[in-house]
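Open the model in your viewer and keep the sequence panel beside it. Each stop below tells you what to select and what is there.

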Amino acid sequence: MSDTMTGEALDILGELGIRPTSEGACWGEWIASPGEDVLSSHSPNDGGEIGKVRLASAAAYEEVLRRAGEAFEKWRTWPAPRRGEVIRCLGNELRKLKKPLGALVSLEMGKIRSEGEGEVQEMIDMADFAVGLSRQLYGLTMQSERPGHRMYEQWHPLGVVGVITAFNFPVAVWAWNAMIAAVCGDTTIFKPSHRTPLTGIAVQNVCNRVMDEHDCRGVFNLLIGSRANVGDPLVNDRRVPLISATGSCRMGRAIGAGVAKRLGRTILELGGNNAIIVTPDADLDMALRGILFGAVGTAGQRCTTTRRIFLHESIAAGFIDRLKKAYSSIRIGDPLEDGMLMGPLVDEDAVTECVNALEVIRRQGGEILYGGNRLPGNGCFVEPTLVMAHTGMAITKDETFAPILYIFEYSDLEDAIRAQNDVDQGLSSSIFTKSFHAAETFLSARGSDCGIANVNIGTSGAEIGGAFGGEKDTGGGREAGSDAWKGYMRRQTCTLNWSTEMPLAQGVEFDVS
Ligand code: NAD
């Protein structure tokens, strides 16, 4: 750990069982990978080193896969409510650790303290949801067309599930997948982002304690390693029937193709380019709050971040003035300090991507109305930026993972909806309106083409009870609530003939005389 670490940071690491150099492979026991490279994790707030992780070797990969497979053989035989009991205890453990784990998320990833703790709250909510679900993994019964026959479907566990996650939700996305997969009877292998390895280690430490209490090591596992030792093998491994991958569209294309080649399953949760439409009659105070949190929250590094707004021409000028004023009062700084609304970007690469995008924006004719600069100092801080955009700007069709908001004016609602849909991604979308007609048009089949469509709520901050995910290049996956659990199980259609006859379906006759 770095000498620059403050007392609070050291307390956080100690409470979460993070050693100065942690191992990158675990199945309940940590596996050493001697001679492998060491990954340093730095705080984006000041560039100081927080800790180190030794990357998993190829041998450690094999060991984790074997143990996760063995654990599955046992875990799948446990009644689902008993599996739910383990998740209930995991949720309780997370309740106790909400503050330090949330603070570690802030320290390593850079989101403000309340958002870091909010992420842990999401894990707790997912645990509660999964416990209830463990008694509700329902199948349907169907009416058989043949007399004396019963037909129904049942759901079985799938096997070992790979959970590859992005840096921006280093713990919540794991929970969306792992909590549900666990009550479904699967075991999981968590491969966190290289940008946030320590939060992955902290989560595994919590799991280890709870698994040991319930004699079920190997249900939750961790691998942090190179593409050669971990990333590629996991994608290509036929012992892993499902890969749930969250990250950029580029990553989704690579992983989607790799898993499809072996006819495995994927759940892909990829990039967004989310928009809000504001109609002339909207409550503008509500719209302002929704846009501000959507565009600036998490320093613009949410998959659901508001990246584009469409303002009706009759309200645009006044609303833009209010936005500029609100932007100028945002406190930017140490994410763990009280009162901050925006922390740093995750690392120097993210700052470079932001600065490069700002150059392209200027070249393509965007007018910077507010911000547009990197902030001085060692930290990865940028100004939140407002851009008056036009539809000819190609960059507005891309997801730049930074707090850059493109503003468009519109005169006709149908045109605004068409423009909001005219991007490759299809994650989250919103309309602020008091008009019943406008709201229903937006939600209709010719309205938003996104996986998430909100009225008088911003694009950011989905509740776990719904199925979360997006269409088009966002990948089509669904996670968390509703019936997303079905993605982690295999469906079996069962037909029982309890009669003494042998009729064929569709009335087919096949008798020998
Ligand atoms: P990223 O694509 O760089 O990495 C995501 C994860 O994939 C990391 O763990 C990375 O190591 C791994 N990875 C990348 N290429 C791989 C490969 N070929 N094989 C195996 N693993 C591979 O994304 P990021 O920068 O960490 O996160 C930001 C992106 O994630 C944004 O595009 C954001 O919109 C998206 N995201 C989407 C959702 C969603 O639910 N739709 C949620 C969070 C983030």
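Buried, on this tour, means under 20% relative accessible area. With that in hand, select helix α3, residues 80-96. Its buried residues are Ala80, Arg83, Gly84, Val86, Ile87, Cys89, Leu90, Gly91, Glu93 and Leu94. Bear in mind throughout that this is a predicted model.

**Stop 1: around α3**

Helix α3 has 17 residues. From first C-alpha to last it reaches 25 Å, close to the 24 Å expected at 1.5 Å a residue. Which elements cover its buried residues? Show α2 (58-75), α4 (98-109), α5 (113-133), α6, α7 (197-213) and β9 (220-223); the cover includes these.

Now pick out Leu90 in α3. Leaving out residues up to four places away in sequence, Leu90 touches Trp174, Met179, Val206, Cys207, Val210 and Phe220.

**Stop 2: the cores**

In soluble globular proteins, nonpolar side chains tend to be buried together. Here the largest nonpolar core has 74 residues. Which of them touch the most other members? Select Ile87, Leu90, Met123, Trp174, Met179 and Phe220. Helix α6 (residues 172-184) gives this core its largest share, 12 residues. Domain 1 and domain 2 each supply at least three residues to this core.

**Stop 3**

Colour the protein by domain. Domain 1 covers 7-270 + 475-492, and domain 2 covers 274-463. How far apart are their C-alpha centres? They lie 30 Å apart. At the contact between them, 19 residues of domain 1 meet 27 residues of domain 2.

**Stop 4: a six-stranded sheet**

Switch to a cartoon view. Look for an open sheet of six strands, in the order β2-β9-β8-β7-β10-β11. The pairing in this sheet is mixed. At the edges are β2 (25-26) and β11 (265-269), each pairing on one side only.

Next, zoom in on β7 (residues 160-164) and β10 (residues 242-246). These two strands pair in the parallel sense, over four bridges.

**Stop 5: helix α10**

Select residues 284-296, which make up helix α10. This helix has 13 residues and spans 18 Å from its first C-alpha to its last, close to the 18 Å expected. Which of its residues are buried? Ala287, Leu288, Gly290, Ile291, Gly294, Ala295 and Val296 are. Their cover includes β12 (274-278), β13 (306-312), α11 (316-328), β16 (404-410) and β18 (428-432).

At the start of α10, a side-chain oxygen of Asp283 reaches to within 3.0 Å of the backbone nitrogen of Asp285. After α10 comes Thr298, with a positive phi near 55 degrees.

**Stop 6: Thr385**

Finish on Thr385, in strand β15 (residues 385-388). Is this residue buried or exposed? Thr385 counts as buried because its relative accessible area is 1%, where the cut-off is under 20%. Show its surroundings. Beyond its neighbours within four places in sequence, Thr385 is in contact with Tyr327, Leu358, Ile368, Tyr370, Gly371, Gly372, Pro403, Ile404 and Leu405. A polar atom of the Thr385 side chain lies 3.1 Å from the backbone oxygen of Glu383.

Key. Residues are numbered from 1 along each chain as its sequence is written. This is a predicted model: local features need pLDDT of at least 70, side-chain atom pairs count only at pLDDT 80 or more; totals for chains, interfaces and linings use all residues. Side-chain values use heavy atoms; hydrogens and water are left out. The expected span of a helix is 1.5 Å times one less than its number of residues. Buried means under 20% relative accessible area, exposed over 50%, partly exposed in between (1.4 Å probe, protein chains only). Contact means heavy atoms within 4.5 Å. A polar contact is a pair of N or O atoms within 3.5 Å; within protein, one must be able to donate a hydrogen and the other to accept it, and residues adjacent in sequence count only if both atoms are side-chain atoms. A nonpolar core is a set of buried Ala, Val, Leu, Ile, Met, Phe, Trp, Tyr and Cys residues joined through side-chain atoms within 4.5 Å. Domain bounds come from an automatic or database domain assignment. Two strands pair if DSSP finds at least two bridges between them.
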